[in-house]
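Hi there,

Here is the structure I promised to pass along. Please have a look at it first, and then read on for my notes.

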Amino acid sequence: MRTIELLKLNPIPRGANYMRWDSFRMGPSYMYAHQLLYIVEGTGIGRIGHDEYRLEPGVFSTYGPGIQYEFRSDPSVPLTAATMCFSWCEVPNRKLSARNRSARNMDGDYFELAEDPVRIEGLPEFPFHLRIEQPQRARMEEIFREIGTAWRSSPFAPHLVLKAKATLTELIYLLWRQLNPDTTQTEPAALTRFCRFVEQNYASDIMRRDAAEAAGISESHLTALLIRHRTSNFSEYLNRVRLKAAAELLQYSTLSVKEVAAAVGFRSSSYFVARFRERYGLPPGRARHGV
């Protein structure tokens, strides 16, 4: 089986919800990007096209455009679920409508993407399902709840877009681990905890001692792990994460360079510009179309 090319992954969130229902249905008269469904509570039956499966807490599913689907809870156990509409895009000139409207009202760009979706190498055919186990579930559900609730009042807010993209990327990584069960995890658990802490808090003024405490190790041990496994130190790794987030913001928001620098945790915009140019070979002002 081919492995998933994580570097090609660039999911663009189009909408999100955190809701409770007895039944939920969408017919083929609606077109949309790819859809994600994650069950938080309750049980029931899901039907996507001709594929029928059990809905249980921790089950994550995704499916492609133009497919009829129905999700129905078991008697007296309403489903609580998170949904997210997104597109697997690799190029910025493929646009989707910002709203989920009927197929009759969609523009040509939408149909171009819906009829010829960008695929991620190594993924199975849609629909596919993934069961998320602890300890990932508690954290993922918290993020889903935050995104789905906040999206209703502030759709496409830059921080929500970045958080949604990071969440989708992690889901694909979990899927990759299930598709490749023989892959051994050589990275220490403490370093994984550190990376997760930085990815969730890079916009804050975090210090090495904060990150070491979150990883459950000493500062010197953290430095040794970073040098050995990431050929980096704390400051370099933090800057790398911040610069990646900045590149996303520059591509998918209208924030100024100064606003982007502040949003990802840089105190000095001039320092940010210098590090960005060093990392990507061009100034942030020229990176609006991707880096």
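**Strands, a buried isoleucine and the cysteines**

Tyr69 in strand β7 is the bridge partner of Ile48. Please keep in mind as you read that this is a predicted model.

That bridge belongs to a pairing you can trace in the viewer: β4, residues 44-48, runs antiparallel to β7, and the two are joined by five bridges. Strand β7 itself spans residues 69-73 and is mostly covered, with four of its five residues buried.

Next, have a look at Ile39, which sits in strand β3, residues 34-41. Is Ile39 buried or exposed? Its relative accessible area is 0%, and because anything under 20% counts as buried, Ile39 is buried.

What surrounds Ile39 once its neighbours within four places in sequence are set aside? Ile39 is in contact with Leu55, Glu56, Pro57, Gly58 and Val59, and also with Leu79, Thr80 and Ala81.

Finally, the cysteines. Cys85 has a relative accessibility of 15% and so counts as buried. Cys195, at 6%, counts as buried too. As for disulfides, the structure holds zero. A disulfide would be a covalent bond between the sulfur atoms of two cysteines.

Enjoy exploring, and write back with any questions.

Best wishes

Note on methods:
Residues are numbered from 1 along each chain as its sequence is written. This is a predicted model: local features need pLDDT of at least 70, side-chain atom pairs count only at pLDDT 80 or more; totals for chains, interfaces and linings use all residues. Side-chain values use heavy atoms; hydrogens and water are left out. Buried means under 20% relative accessible area, exposed over 50%, partly exposed in between (1.4 Å probe, protein chains only). Two strands pair if DSSP finds at least two bridges between them. A disulfide is a pair of cysteine sulfur atoms within 2.5 Å. Contact means heavy atoms within 4.5 Å.
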